[in-house]
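Please consult the sequence and coordinates as displayed.

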6 protein chains.
Amino acid sequence: MSLNAEAATAGTRADGRTVDQLRDISITRGWSSQAEGSALIEFGSTRVLCTASLTAGVPRWLRGEGRGWVTAEYAMLPRATNTRSDRESVKGKIGGRTHEISRLIGRSLRSIIDTKALGENTIVLDCDVLQADGGTRTAAITGAYVALAESIRFARENKLISASAQPLLDTVAAVSVGIIDGAPMLDLAYVEDVRAETDMNVVVTGSGKFVEVQGTAEGAPFDRDELNALLDLALLGTSQLAQIQRDTLG
Amino acid sequence: MSLNAEAATAGTRADGRTVDQLRDISITRGWSSQAEGSALIEFGSTRVLCTASLTAGVPRWLRGEGRGWVTAEYAMLPRATNTRSDRESVKGKIGGRTHEISRLIGRSLRSIIDTKALGENTIVLDCDVLQADGGTRTAAITGAYVALAESIRFARENKLISASAQPLLDTVAAVSVGIIDGAPMLDLAYVEDVRAETDMNVVVTGSGKFVEVQGTAEGAPFDRDELNALLDLALLGTSQLAQIQRDTLG
Amino acid sequence: MSLNAEAATAGTRADGRTVDQLRDISITRGWSSQAEGSALIEFGSTRVLCTASLTAGVPRWLRGEGRGWVTAEYAMLPRATNTRSDRESVKGKIGGRTHEISRLIGRSLRSIIDTKALGENTIVLDCDVLQADGGTRTAAITGAYVALAESIRFARENKLISASAQPLLDTVAAVSVGIIDGAPMLDLAYVEDVRAETDMNVVVTGSGKFVEVQGTAEGAPFDRDELNALLDLALLGTSQLAQIQRDTLG
Amino acid sequence: MSLNAEAATAGTRADGRTVDQLRDISITRGWSSQAEGSALIEFGSTRVLCTASLTAGVPRWLRGEGRGWVTAEYAMLPRATNTRSDRESVKGKIGGRTHEISRLIGRSLRSIIDTKALGENTIVLDCDVLQADGGTRTAAITGAYVALAESIRFARENKLISASAQPLLDTVAAVSVGIIDGAPMLDLAYVEDVRAETDMNVVVTGSGKFVEVQGTAEGAPFDRDELNALLDLALLGTSQLAQIQRDTLG
Amino acid sequence: MSLNAEAATAGTRADGRTVDQLRDISITRGWSSQAEGSALIEFGSTRVLCTASLTAGVPRWLRGEGRGWVTAEYAMLPRATNTRSDRESVKGKIGGRTHEISRLIGRSLRSIIDTKALGENTIVLDCDVLQADGGTRTAAITGAYVALAESIRFARENKLISASAQPLLDTVAAVSVGIIDGAPMLDLAYVEDVRAETDMNVVVTGSGKFVEVQGTAEGAPFDRDELNALLDLALLGTSQLAQIQRDTLG
Amino acid sequence: MSLNAEAATAGTRADGRTVDQLRDISITRGWSSQAEGSALIEFGSTRVLCTASLTAGVPRWLRGEGRGWVTAEYAMLPRATNTRSDRESVKGKIGGRTHEISRLIGRSLRSIIDTKALGENTIVLDCDVLQADGGTRTAAITGAYVALAESIRFARENKLISASAQPLLDTVAAVSVGIIDGAPMLDLAYVEDVRAETDMNVVVTGSGKFVEVQGTAEGAPFDRDELNALLDLALLGTSQLAQIQRDTLG
């Protein structure tokens with residue numbers, strides 16, 4: 001076995017976690033009083049404000065098909081990180097990383113939406129990172145699900161969709177996993193993320209199926225055993241996150 | 001007297017305040033663990049996250065003069081408001097209102113800074129509106145002062161400036177005032193702001209001098225008496241905000 | 001009294017003016033043969049070409065309300081100033097100062113317009129600074145009023161609005177005032193503007209009411225006495241400008 | 001002969017000119033008090049403000065070669081024309097036509113400059129169309145030459161180049177010619193330009209040599225005889241413009 | 001005669017051609033299986049992929065007039081040239097040269113189109129330079145004609161225009177000519193182009209009439225004799241290109 | 001087993017391939033005579049031109065570390081696809097998909113580069129899709145490897161790196177796999193790609209290790225068995241592509 005089993009069993013992480021342990025997860029539902037749905041989600045020191053904006057109607061290319069639309073935008077405050085970054089609004093263009101993550105969040109949430117049941121409504125999920133310490137995209141997906149679920153509850157209560165419509169097919173959550181010094185680990189903090197040889201973001205439904213698997217060799221390429229060990233950890237983490245989501249939504 | 005004295009004395013505001021009463025003000029110092037200084041400030045439902053990023057060095061045009069630089073950037077999350085706005089990063093350009101407020105915040109804070117005492121350091125104040133209910137620019141100035149003061153304390157503790165340097169000449173705070181149905185009122189919430197005939201933002205130092213007076217007739221032009229009544233209210237409000245700033249900073 | 005009364009009475013200005021004296025003001029009505037209204041205005045060496053473009057119809061967000069729209073755009077030729085600036089078109093974005101002034105001009109002119117009487121027509125005021133020597137925004141507002149009035153006369157003569165419609169509620173003019181070496185002064189030229197401790201732009205109707213009061217402490221904050229002295233000067237200057245506007249329009 | 005000889009001899013132009021007659025040409029040297037050289041040039045109702053900005057140094061790619069640089073930027077005020085155009089600064093990009101004309105002006109003026117004699121100095125020619133009635137690019141080239149010559153005189157008087165340096169190798173002027181209803185005509189006004197089957201802009205030195213020949217079939221393609229007739233007219237017009245330039249510069 | 005007759009008769013070109021000889025010309029019709037018409041054209045080492053995209057409908061400003069529209073876009077791959085250039089998409093704006101050439105190609109092709117016969121259809125010609133060795137714009141025009149003709153054949157075969165409609169009035173081709181060391185030469189390769197004193201691009205119809213004549217003095221201005229010698233060469237080259245176009249289209 | 005085994009064994013693909021069969025693969029090495037390395041790669045009808053531009057020096061942030069840099073840019077010609085898309089240069093910004101793929105190609109190639117052995121040199125890989133029929137990003141990676149290898153050979157032959165330096169640690173290739181009607185399939189053409197329930201791009205080294213695994217549920221989420229079946233196919237395909245790369249490079 002190519003994995004560093006000793007590191008994997010010993011509790012050597014900087015913050016004292018075991019390799020298969022999530023950081024402290026906190027979800028504050030309804031943090032915003034303006035949006036139809038919202039959640040402030042924390043994965044340790046990572047804090048993402050997720051809002052769901054629901055409006056009647058769909059983009060032009062989808063009109064008249066009786067289906068709704070869910071999309072997402074991800075962004076980071078300039079001083080969410082340890083050193084300040086220039087604002088993308090000031091630079092006048094959106095960077096590749098931002099684009100990539102926005103698209104990932106949107107796809108992830110659409111995977112558990114029945115757009116027919118949503119009717120011709122649009123939900124935009126804004127995920128703004130207020131503080132970043134690794135795993136911002138996975139926190140964003142996990143929090144955006146809560147905001148999305150709230151906005152659908154809002155839609156039902158306000159008769160924007162029928163009382164019997166069930167646009168949510170499942171829940172969805174995401175976590176990062178990686179290999180550090182040969183050991184697979186769950187939910188990387190920033191100091192771990194920069195050292196990881198392999199970094200993987202995994203998006204999983206409440207019923208345990210994959211929505212996205214994005215594994216990248218940052219250092220040496222990885223083999224099938226490593227891939228499998230990472231997937232095991234990811235399924236463990238996302239099942240715990242799914243439980244927290246259910247608890248939050250009541 | 002041209003003012004609506006009855007309205008001004010009667011407590012007729014939507015949220016039950018008297019005309020000369022601030023909303024509940026809350027300042028959470030150190031809300032961010034990443035920035036050299038930070039504050040989450042709330043004027044009622046208006047919430048602005050202010051961070052101060054301190055770096056050695058100054059912009060090219062200021063090099064070699066032995067003086068520091070303080071600047072600010074203001075922005076609003078897309079769903080800070082009641083309906084969602086497109087992101088300026090997505091539109092690829094910054095709107096006039098954003099530019100205008102960023103410049104106002106920067107000027108306001110520079111007015112109480114001794115740039116010689118700051119040395120060749122730059123402090124960028126990011127004021128991001130997380131939730132908007134009127135008065136975001138005045139909350140931003142008031143909160144940015146706290147973040148700024150924290151970052152200067154940080155600079156002194158970390159020997160980035162000498163222990164005896166006093167870059168802060170005074171404190172600074174801001175409040176909006178306006179005339180609604182003929183009555184001058186302090187600290188307008190959004191529902192008041194949109195109805196105001198005249199809207200004024202006033203930036204005042206802790207010692208009670210004006211840094212900025214920006215009065216605009218949204219409806220009918222205003223006369224000298226109205227202007228004076230608004231300035232009286234603004235001085236009252238900013239003196240209370242200055243006290244809260246002092247209490248927050250200890 | 002905190003003001004420098006001696007300087008204020010002595011005629012010590014670079015161009016020999018007294019502290020309460022406007023520069024030579026010249027307004028050439030109809031300078032452009034293309035626009036519905038136009039004026040080349042000069043405040044000393046400051047020259048601004050103002051054109052009013054009147055078109056039927058209003059922006060989408062105003063349609064069907066039976067009201068018109070007035071807006072403004074301000075810009076400066078690259079070599080209007082003593083050293084050349086890059087064009088905003090070449091930079092691909094509009095700077096904060098340009099945005100801010102365009103918005104100020106638009107608000108100022110809307111303050112004296114009865115949009116109902118204007119009908120569903122749009123007037124765009126372009127204020128292009130051909131030569132800059134301080135006070136370009138106040139010259140722009142004062143000249144734009146003349147172009148606006150001309151375009152409304154054009155509209156009436158060409159039956160675009162009814163003969164009895166009176167879209168102009170009043171006249172409007174603007175002037176800058178400032179404190180230099182402790183002395184309040186009227187209509188600052190560029191060499192004065194850069195030395196001013198406090199700089200204020202005041203927009204006043206023909207009937208002497210305030211539309212905008214924008215005072216900024218460039219150096220030390222200012223007190224109430226200083227503010228009042230500046231407002232007195234501004235009212236003096238704008239009343240003279242209003243007379244010149246009336247003379248120009250015949 | 002394929003040309004409409006009758007039309008060419010009859011004086012049938014809208015403004016009463018003969019086919020080989022320039023519009024009234026006026027050049028006001030030194031119109032701007034800010035620039036090192038300037039000229040307001042008028043070809044009939046077409047008015048272009050040309051300024052020359054001279055600075056020490058050259059662009060990075062030219063450094064250390066002991067040669068200077070001359071470049072140009074052309075732009076049009078939004079209401080220079082009969083209907084208002086959006087500003088390129090507002091659109092955030094420069095149109096193809098603007099780019100094309102800026103490049104043409106720059107090449108035309110560089111053709112008569114000895115960059116060695118200019119030394120490592122840069123001259124930027126800004127040609128801003130204040131009013132447009134056809135022929136704006138040719139007026140711009142003709143006026144820019146005057147501004148350029150003035151700026152070189154300024155450089156010599158201020159010892160920025162040596163008293164004996166002769167950066168100007170020749171003069172340069174430009175005119176438009178075109179075929180309308182089969183008749184070749186000189187210096188087209190806007191109403192003529194839009195009707196022209198063939199439109200040609202010709203840039204010629206004071207000694208009668210070609211710098212640019214840009215002929216375009218707007219309607220039917222043109223033959224060699226037509227081309228020759230147009231070139232004859234262009235040489236006639238530019239020789240007259242060259243004389244006016246010499247008279248203006250004294 | 002001012003031309004260098006000896007050089008003009010001696011075969012002194014780097015690639016062994018005579019002064020009046022085209023490079024090897026190759027046109028691969030139908031290179032793309034996606035577009036309605038396409039051609040890969042080679043002028044020696046210069047390779048341009050031309051595609052014609054035909055769609056029903058016309059731009060808004062042309063609707064309802066029963067006429068079609070033909071336009072073109074030119075671009076260069078970043079490593080088409082000897083050193084890599086930044087992508088215009090990455091820079092976020094299109095350069096002046098690109099704009100200028102796109103407009104030239106569009107005008108050239110519209111000159112031989114009967115837009116009435118085309119009906120309300122739009123054809124966009126994309127000319128992408130895969131490899132550049134001088135003459136890319138003239139190769140693009142010559143190749144775009146072939147793609148255009150193919151797309152019209154496609155339109156006729158697919159009943160998008162009537163069987164009897166003849167939108168093509170003529171053929172069109174283009175070639176560059178220039179003066180090098182005093183000798184006029186045909187179809188300049190890159191090493192020749194950079195040395196040319198005068199550079200001219202000439203667009204000519206199959207029937208030998210001029211569509212565009214764009215001559216530029218890169219070094220010394222040119223006289224009438226030189227101009228005539230260049231035009232002679234251009235007519236020779238374009239007549240050969242027209243024959244190759246006819247052979248290609250069968 | 002949840003997979004559609006029958007479909008997987010039956011040869012039901014539109015182009016007659018079996019489910020585990022690549023399209024016809026063609027790599028033309030040295031297609032460009034301008035670049036230091038180049039390859040025109042074809043996966044069936046998908047055609048991508050890959051060039052490698054090698055320059056001395058590295059980006060500013062990497063200077064002085066004795067390491068090289070490899071990066072990539074992906075783009076598509078406007079009519080590479082069945083309907084024309086607007087150019088990103090014309091739109092003035094790069095889309096999310098383009099950004100995402102450029103980053104993927106860059107990471108993939110850096111994974112097999114020893115940047116120390118490369119020295120302070122930069123290689124930019126431009127991957128321009130000339131014709132698109134599915135799998136453009138995987139063709140781009142596979143072709144870019146060939147261009148990269150060529151450019152390193154060029155560097156060695158031209159003494160830009162030492163004769164003994166081995167910057168290439170391995171080869172790298174990529175392929176898409178997906179599940180269509182329940183059957184896992186290799187190397188999807190466009191008509192298959194749009195129907196796939198799950199779509200995965202896998203980047204694998206010549207030694208069979210993973211560099212990137214990017215799996216996305218386009219329709220229903222996928223389970224572990226499906227993931228494994230897809231990975232098996234991907235490893236089969238990339239091992240064949242690695243052989244073709246070796247054969248091409250000789």
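Predicted model: local features only at pLDDT ≥ 70, side-chain atom pairs only at ≥ 80, totals over all residues.

User: How many salt bridges does the rule find across the interface of chain F and chain E?

Analyst: The contact draws 34 residues from chain F and 34 residues from chain E. About 2,800 Å² is buried between these chains, with 47% of that area on carbon and sulfur atoms. One salt bridge joins the side chains of E:R84 and F:D126 at 2.5 Å, N to O. Across the interface of chain F and chain E, the number of salt bridges found is 12.

User: How many charged residues has the side of chain F that touches chain E?

Analyst: Strand 3 (46–56), strand 4 (69–76), helix 2 (88–91) and strand 5 (121–131) of chain F each contribute at least two residues to that side. By class, the side of chain F that touches chain E comprises 15 nonpolar residues and 10 polar ones, and its charged residues number nine.

User: Which strands stand at the edges of the open sheet, each with a single partner strand?

Analyst: The sheet has eight strands with antiparallel pairing, in the order 7(A)-6(A)-8(A)-9(A)-9(F)-8(F)-6(F)-7(F). A strand with a single partner has one side without a neighbour in the sheet, so the edges are strand 7 (183–186) of chain A and strand 7 (183–186) of chain F.

Methods:
Residues numbered from 1 in each chain as written. Chains lettered and ligands numbered in written order. Heavy atoms only, no water. Contact = heavy atoms within 4.5 Å. Buried area = accessible area lost by both parts, 1.4 Å probe. Salt bridge = Lys/Arg side-chain N within 4 Å of Asp/Glu carboxyl O. Helix = DSSP H or I, 4+ residues; strand = E, 2+ residues; numbered from the N terminus. Nonpolar A, V, L, I, M, F, W, Y, C, P; charged D, E, K, R; others polar. Pairing = 2+ DSSP bridges.
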